[in-house]
Amino acid sequence: MTDDIPNISTPHLELVSMSLPFMEALAAHDMAKASREIGAAVPEWMADELENFLKYRLGQLRLDPTIRPWLGRVMVLTDDDGTRRAVGSIGFHGPPDAQGRLEVGYSVDPPFRRRGYASESVKALFDWAYREHGITRFVASISPDNAASLNLTAAYGFHKVGEQMDEIDGLEYVFETDWPQGL
């Protein structure tokens with residue numbers, strides 16, 4: 001397992017870039033191969049949760065491999081005994097848009113929710129995009145009934161800028177924030 005995209009560290013996790021072979025294995029529900037590719041145990045939940053993401057992002061990545069650093073990363077937790085496990089995913093919807101903004105998306109495996117993993121992953125990913133690429137504007141699209149994500153956006157200074165109808169997720173509120181906070 002060699003890779004040219006460095007991991008991003010958070011206080012409790014490593015954010016490991018999803019390689020094309022990892023994404024293909026996950027899309028095929030080959031959890032053993034996906035686990036080998038990422039260097040961590042990958043739960044079946046992740047393949048189901050990321051089904052739509054994989055359909056869309058695999059096509060993008062095959063057309064333009066240079067966008068990979070912007071796309072999905074696996075939230076990897078290392079237990080005290082050294083066991084590595086995937087507990088969620090995070091990434092941007094693609095490279096910066098015409099206005100220089102990045103839209104974030106994330107998901108945490110239900111048994112690992114409410115531990116701050118999404119919050120610290122969002123912060124680390126935004127810090128990386130700002131430090132490495134000068135990105136200062138971020139977008140999040142969230143279902144009105146997703147209280148946890150609405151709370152996270154509030155904590156990071158996001159403000160509602162509109163609404164949209166997503167063909168998969170239905171109604172979403174659209175939020176934006178500047179980074180680092182206080183800009």
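Arg62 lies in helix H4, which covers residues 51-63, where helices (H or I, at least four residues) and strands (E, at least two) are DSSP runs numbered from the N terminus. This is a predicted model, in which local features need pLDDT of at least 70 and side-chain atom pairs count only at pLDDT 80 or more, while totals for chains, interfaces and linings use all residues. Residues are numbered from 1 along each chain as its sequence is written, and side-chain values use heavy atoms, with hydrogens and water left out.

When residues up to four places away in sequence are not counted, Arg62 touches Leu20 and Glu24, a contact being defined by heavy atoms within 4.5 Å. Leu20 is 42 residues from Arg62 along the chain, yet the C-alpha atoms of the two residues are separated by 8.0 Å. With Glu24, the side chain of Arg62 forms a polar contact of 3.1 Å. A polar contact is a pair of N or O atoms within 3.5 Å; within protein, one atom must be able to donate a hydrogen and the other to accept it, and residues adjacent in sequence count only if both atoms are side-chain atoms.

## The protein as a whole

The secondary structure comes to six helices and eight strands, and read along the sequence these follow the pattern β-β-α-α-α-α-β-β-β-α-β-α-β-β. The radius of gyration is 16 Å, close to the 16 Å that the globule rule gives for 183 residues, so the protein is as compact as a globular protein of that length. That radius is taken over C-alpha atoms, and the globule rule is 2.2 Å times the number of residues to the power 0.38. Taken along the principal axes, the C-alpha atoms fill a box of roughly 40 × 40 × 35 Å.

Of the 183 residues, 43% are buried, where buried means under 20% relative accessible area, exposed means over 50%, and partly exposed lies in between (1.4 Å probe, protein chains only). Among contacts between residues at least 6 apart in sequence, 59% join residues at least 24 apart. The accessible surface comes to about 9300 Å², and 50% of it belongs to carbon and sulfur atoms; accessible areas come from the Shrake-Rupley method with a 1.4 Å probe, and for residues only the protein chains shown count as cover. The protein has 17 positive and 28 negative side chains, with the centres of the two sets 2 Å apart. In that count Lys and Arg are positive and Asp and Glu negative, while His and the chain ends are not counted, and the place of a charge is NZ of Lys, CZ of Arg, CG of Asp or CD of Glu.

Thr177 is found in strand E8, residues 170-178, and with a relative accessible area of 3% it is buried. Leaving aside its neighbours within four places in sequence, Thr177 is in contact with Phe126, Thr136, Arg137, Phe138, Tyr156, Gly157 and Phe158.

Val174 also has its place in strand E8 and is buried, with a relative accessible area of 13%. Beyond residues up to four places away in sequence, Val174 touches several residues, including Val139, Ala140, Ser141, His159 and Lys160. Val174 and Ile142 are 32 residues apart in sequence, and their C-alpha atoms are 6.6 Å apart in space.

## Gly157 in its loop

Gly157 belongs to the loop between helix H6 (147-155) and strand E7 (159-166), and at 43% relative accessibility it counts as partly exposed. The backbone oxygen of Gly157 lies 3.2 Å from a polar atom of the side chain of Thr177. Not counting residues up to four places away in sequence, Gly157 touches Glu176, Thr177 and Gln181. Arg137 is 20 residues from Gly157 in sequence and 11 Å from it in space, C-alpha to C-alpha.

## Backbone features to look for

His29 lies in the loop between helix H1 (20-27) and helix H2 (31-38), and is partly exposed, with a relative accessible area of 37%. Arg114 is found in the loop between strand E5 (101-108) and helix H5 (117-133), and is exposed, with a relative accessible area of 75%.

A cis peptide bond joins Trp179 and Pro180, with omega about -5 degrees, and Pro180 lies in the segment after E8.
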